[in-house]
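Here is a short tour for anyone who likes to read a fold from the inside out. Please keep the sequence and the coordinates open as you go.

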Amino acid sequence: MTSEIEGNRAVWNRMFDWVNSRGGRKYPNETLVIWLLGYARSDHRDKRVLDIGCGWSQSLGLFLDEGFRYWGVDVTDRGFRSNPNVDAPALQDRAHWSVFTPPKLEFDDAFFTHVVSMEALHLNPTPSAFSAIVRECHRVLQPDGRFFATLIHPDYWYVKLGYVDWVGANTVRINARHPDVAARGAHCLVLKDDAEIRAYFSDFRSVSIGHEMRRFGEDREKVTSYWIVSATK
Ligand SMILES: C[S@@+](CC[C@H](N)C(=O)[O-])C[C@H]1O[C@@H](n2cnc3c(N)ncnc32)[C@H](O)[C@@H]1O
């Protein structure tokens with residue numbers, strides 16, 4: 001594990017103390033719902049999904065409802081440990097969690113029909129770390145398997161407003177101006193255009209790249225902005 005990835009783990013331990021104090025994250029990422037139900041329906045009889053950087057595993061219910069078996073991995077257990085479903089006997093065969101050390105995904109080749117990752121893969125914040133985790137995503141997917149990820153976009157508010165220092169051509173470190181103290185020190189990979197993303201995902205058979213941004217009226221500067229990467233092996 002590089003020092004940046006180790007540092008990100010420490011940041012997320014702090015962040016989950018806050019998330020857990022607010023009762024966890026109970027609802028799935030809505031872009032994931034749209035992707036899964038609208039774009040990634042599959043005929044696989046044994047549907048298996050890997051959720052990388054699963055955090056609190058807020059998408060668990062969605063995947064179980066859709067007939068998947070679920071595996072969640074994260075660099076810390078502090079998110080998923082607080083989800084009451086983790087110890088639910090009824091889910092023993094259908095949902096599994098583990099802590100992983102990026103980039104190694106401890107699963108056999110072609111084990112999953114779907115690999116997803118919301119707001120997490122960019123926490124492998126150097127070009128070599130990001131390439132390595134993308135290669136692992138590809139390895140553990142079945143041929144025809146589906147991949148989905150959201151990644152920080154350069155318009156994301158804390159990048160645009162100067163709450164980061166650029167420490168590499170595509171790497172930022174959240175600095176001491178960031179209003180959320182817990183987030184300070186985290187490193188993220190910020191990919192700047194479609195071509196950069198395509199280069200990382202060139203082993204996939206097809207790749208589509210979208211973008212979503214959201215601004216709530218009361219805080220006009222706080223724009224969240226993500227790349228949406230959807231791919232087929
Ligand atoms: C913004 S949270 C997203 C959590 C969850 N996917 C969601 O949508 O709520 C980022 C997650 O990435 C995890 N993480 C930190 N470093 C990581 C890394 N190097 N690779 C994958 N995930 C990482 C954090 O522990 C945290 O759970």
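Leaving aside its neighbours within four places in sequence, which residues is Ser57 in contact with? The partners are Tyr70, Phe80, Asn83 and Trp97, where contact means heavy atoms within 4.5 Å.

A word on the ground rules: this is a predicted model, in which local features need pLDDT of at least 70 and side-chain atom pairs count only at pLDDT 80 or more, while totals for chains, interfaces and linings use all residues. Residues are numbered from 1 along each chain as its sequence is written, and side-chain values use heavy atoms, with hydrogens and water left out.

**Backbone points worth a look**

Ser57 sits in the loop between strand 1 and helix 3 (60-65); helices (H or I, at least four residues) and strands (E, at least two) are DSSP runs, numbered from the N terminus. With a relative accessible area of 2%, Ser57 is buried, on a scale where buried means under 20%, exposed over 50% and partly exposed in between (1.4 Å probe, protein chains only). Ser57 also has a positive phi of about 65° without being a glycine. Most residues other than glycine have a negative phi, and most peptide bonds are trans.

Ala110, likewise not a glycine, has a positive phi of about 60°. Ala110 belongs to the loop between strand 3 and strand 4 and is partly exposed at 31% relative accessibility. Pro103 is placed in the loop between strand 3 (95-99) and strand 4, and a cis peptide bond with omega of about 5° joins Pro102 and Pro103.

**The ligand and its shell**

Of the 19 residues around the ligand, Gly53, Gln58, Asp74, Met118 and Asn124 come nearest; a residue is near if one of its heavy atoms lies within 4 Å. By class, this shell has 10 nonpolar, six polar and three charged residues. Here Ala, Val, Leu, Ile, Met, Phe, Trp, Tyr, Cys and Pro count as nonpolar, Asp, Glu, Lys and Arg as charged, and the others, Gly among them, as polar. Helix 1 (residues 3-21) gives the most to the shell, with four residues.

| Residue | Protein atom | Ligand atom | Distance |
|---|---|---|---|
| Gly53 | polar backbone atom | nitrogen | 2.7 Å |
| Asp74 | side-chain N or O atom | oxygen | 2.6 Å |
| Leu123 | backbone N or O atom | nitrogen | 3.4 Å |

The protein covers 97% of the 590 Å² of accessible area that the ligand has on its own, by the Shrake-Rupley method with a 1.4 Å probe.

**The cores**

A nonpolar core is a set of buried Ala, Val, Leu, Ile, Met, Phe, Trp, Tyr and Cys residues joined through side-chain atoms within 4.5 Å. The largest has 31 residues, and those with the most contacts inside it include Leu50, Ile52, Val115 and Phe130. Among the elements that give two or more residues to this core are strand 1 (48-52), strand 4 (112-118) and strand 5 (141-152), but helix 4 gives the most, with five residues.

Not counting residues up to four places away in sequence, Phe130 touches Leu121, His122, Asn124, Leu151, Leu189, Leu191, Tyr200 and Phe201. A second, separate core of 21 residues includes Leu64, Val86, Leu91 and Ile228.

Methods. A polar contact is a pair of N or O atoms within 3.5 Å; within protein, one must be able to donate a hydrogen and the other to accept it, and residues adjacent in sequence count only if both atoms are side-chain atoms.
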